[in-house]
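Please work through each task before reading its solution.

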Amino acid sequence: MLHLTMKTTVITGATSGIGKATLLSLINQGHRVIGIGRSAEKINECLQKTATAVYKGQAEFVRADLSSQREIRTAADQILKISSSGIDCLINNAGSFASSYKETEDALEWQFAVNHIAVFLMTRLLLPVLKEGGRIITVGSSSHFNARLRWKDPQMKHRYSSLAAYRQSKFFNVLMTNELNRLYSAKGINAYIADPGLVNTEIGLKGTKGLSRLVWSIRRRKGQSVDEGASTSVYLATNPDISLKNGCYYKYSQPLEPDKRSCDPALMKKLWKLSESFLL
């Protein structure tokens, strides 16, 4: 019976960094949070933490590697089974950076797969159970501004650039968010981008080596805390007065105009069709 009175939020990448901070903040405010994490060990650590502290809400976890479409589909099926009353909010928090070209088990470029296709697929799978008034929040980045878009080679298999791949994937997040609003806002579901700014996390240390790893290890020291980084996601998930009248892109809990190209309906439709072509 308790589940019926709680808002249910799904968070990807919920066992570390901004995602974990978002989860803890939401359960402290009385949400039921279903977190998705790749590591069983980190999931157990989070369960122990939430079990030994007093929170108004509760946390549950589903294990999935979001670089695998097979595991995304399995995770979504599990979430659908344990959320029979519906979902109030989906927070696409998980993201990744790779310093060199590598492919997932689905033979997709890593950043394209994790930062965009995983977001696209998870959102599509959970859309049917998002309640009216529900929100889809995707963690974005100011690196999307002026990103070069390689429509003919979106995985950048030729002349790969790790930073260019990351920037394009974050632009795709904004473009997809605008398309979601075009398709679903009239049905009572709104989508937003939460730009956390520079945060001291390990995103630039996972899957990286050499100069990229060194640069991030230095740069991250100037970043804000994970709690501060999570604040925009929490704001968008909990503030009842948020609406699309101020736009879909927020940074430091304030509306911000994104790259103007992300509002181009032709590009929005183009990305949607392109994304569908990569689903297995």
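A cavity is a set of points, on a 1 Å grid over the protein atoms alone, where a 1.4 Å probe fits but cannot get out, and lining residues have an atom within 4 Å of a point. Grid points are joined across faces, edges and corners, and a volume is the space filled by probe spheres set on the points. The model is predicted, so local features need pLDDT of at least 70 and side-chain atom pairs count only at pLDDT 80 or more, while totals for chains, interfaces and linings use all residues. Residues are numbered from 1 along each chain as its sequence is written, and side-chain values use heavy atoms, with hydrogens and water left out.

**Exercise 1. Determine how many cavities of 30 Å³ or more the whole structure holds, and describe the lining of the largest.**

Step 1. The search of the whole structure returns two such cavities.

Step 2. Sort the lining by class (nonpolar: Ala, Val, Leu, Ile, Met, Phe, Trp, Tyr, Cys and Pro; charged: Asp, Glu, Lys and Arg; polar: the others, Gly among them).

Step 3. Assign elements, where helices (H or I, at least four residues) and strands (E, at least two) are DSSP runs numbered from the N terminus. Helix 5 contributes the most to this lining, with four residues.

**Exercise 2. Characterise the second largest cavity.**

Step 1. Its volume is about 30 Å³.

Step 2. Its lining includes Leu66, Ser67, Gln69, Asp106 and Ala118.

Step 3. By class, six lining residues are nonpolar, three polar and one charged.

Step 4. Helix 4 and helix 5 each supply at least two lining residues; helix 5 gives the most, with three.

**Exercise 3. Identify the residues with the most contacts inside the largest nonpolar core.**

Step 1. Such a core is a set of buried (under 20% relative accessible area) Ala, Val, Leu, Ile, Met, Phe, Trp, Tyr and Cys residues joined through side-chain atoms within 4.5 Å.

Step 2. The largest core has 43 residues, and those with the most contacts inside it are Val10, Leu66, Ile79, Met122, Leu126, Ile136 and Trp151.

Step 3. Helix 5 provides the most residues to this core, namely nine.

Step 4. Ile79 is in contact (heavy atoms within 4.5 Å) with Val10, Ile34, Ile36, Val62, Ile87 and Leu126, leaving aside residues up to four places away in sequence.

Technical notes
Buried < 20%, exposed > 50% of the residue type's maximum accessible area, 1.4 Å probe, protein only. 1 Å grid on protein atoms, 1.4 Å probe; cavity = no way out; pocket = protein on both sides within 12 Å on 5 of 7 lines; lining within 4 Å.
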